[in-house]
Amino acid sequence: VGTVYLPVNDQDRALAFYRDKLGFEVRTDTDFGEGFRWIEVAPVGAYTVIALVPPMGEDDPQPGGQAPFGFDTPNLQAAMADFSSRGVEFEDVRGGEGPVPPMAYFRDPEGNRILLVEETAR
């Protein structure tokens with residue numbers, strides 16, 4: 001997967017969150033056409049980028065929903081502690097029993113709900 005799209009209303013606020021709180025790289029931040037700004041962010045070293053784009057019409061996904069992706073981490077508790085120290089707030093941890101890995105949701109400033117999951121052996 002090369003690009004996933006995340007709807008945001010305030011691109012500056014979203015960019016600040018992903019860059020400053022999550023520590024993502026800014027891969028692209030450029031004007032793209034008539035008043036349209038294209039922003040791509042990604043975890044350091046990741047192939048897939050997240051495009052922080054405003055909804056263009058009523059039928060487009062709107063900010064504040066379930067993000068169409070999640071993030072893996074080798075250690076959920078450590079990642080949560082790191083992100084929490086930068087102001088990211090998490091819901092309660094769930095899973096962690098049987099084949100279900102530990103996981104927790106957080107929201108970006110646009111209200112998008114994103115899942116962070118502890119990696120399992122593959």
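**Exercise 1. Characterise the salt bridge between Arg13 and Glu110.**

Step 1: find the contact. The side chains of Arg13 and Glu110 form a salt bridge, with N and O 2.8 Å apart. The term requires a side-chain nitrogen of Lys or Arg within 4 Å of a carboxyl oxygen of Asp or Glu.

Step 2: Arg13 belongs to helix α1 and Glu110 to the loop between β6 and β7. The two are 97 residues apart, so the pair links distant parts of the chain. Helices (H or I, at least four residues) and strands (E, at least two) are DSSP runs, numbered from the N terminus.

Step 3: Arg13 is partly exposed at 40% relative accessibility. Glu110 is buried at 9%. Buried means under 20% relative accessible area, exposed over 50%, partly exposed in between (1.4 Å probe, protein chains only).

Two points on the source apply throughout. This is a predicted model, where local features need pLDDT of at least 70, side-chain atom pairs count only at pLDDT 80 or more, and totals for chains, interfaces and linings use all residues. Residues are numbered from 1 along each chain as its sequence is written, and side-chain values use heavy atoms, leaving out hydrogens and water.

**Exercise 2. Survey other salt bridges in the structure.**

Step 1: take the total. The whole structure holds 8 salt bridges.

Step 2: examine two pairs. Glu25 meets Arg27 at 2.8 Å between the closest N and O atoms. Glu25 is partly exposed at 30%, and Arg27 is partly exposed at 35%. Arg86 and Asp82 form a salt bridge at 2.4 Å, N to O. Arg86 is partly exposed at 28%, and Asp82 is partly exposed at 35%.

Step 3: look for a network. Salt bridges link Asp12, Asp29 and Arg37.

**Exercise 3. Which residues of α2 are buried, and what covers them?**

Step 1: list them. In α2 (residues 76–85), Leu76, Ala79, Met80 and Phe83 are buried.

Step 2: The face away from the buried side carries the exposed residues Gln77 and Ser85.

Step 3: name the cover. It includes α1 (11–21), β5 (66–73), β6 (103–107) and β7 (113–118). Contact means heavy atoms within 4.5 Å.

Step 4: inspect the ends. Asn75 caps the N-terminal end of α2, with a side-chain oxygen 3.1 Å from the backbone nitrogen of Gln77. Gly87 follows α2 and has a positive phi, near 100 degrees.

**Exercise 4. Describe the surroundings of Asn112.**

Step 1: locate the residue. Asn112 sits in the loop between β6 and β7. Asn112 is buried, at 2% relative accessible area.

Step 2: list contacts. Leaving out residues up to four places away in sequence, Asn112 touches Leu6, Pro7, Val8, Gln62, Pro63, Gly64, Gly65, Phe106 and Arg107.

**Exercise 5. What is the strand order of the open sheet of 4 strands?**

Step 1: read the order. The order is β1-β4-β3-β2, with mixed pairing. Strands pair if DSSP finds at least two bridges between them.

Step 2: find the edges. β1 (3–7) and β2 (25–31) are the edge strands, each pairing on one side only.

Step 3: examine one pair. β3 (residues 37–42) and β4 (residues 49–53) run antiparallel, joined by 2 bridges. Val41 stands opposite Ile50 in β4.

Definitions and conventions. Polar contact = N/O pair within 3.5 Å; in protein donor to acceptor, adjacent residues only side chain to side chain.
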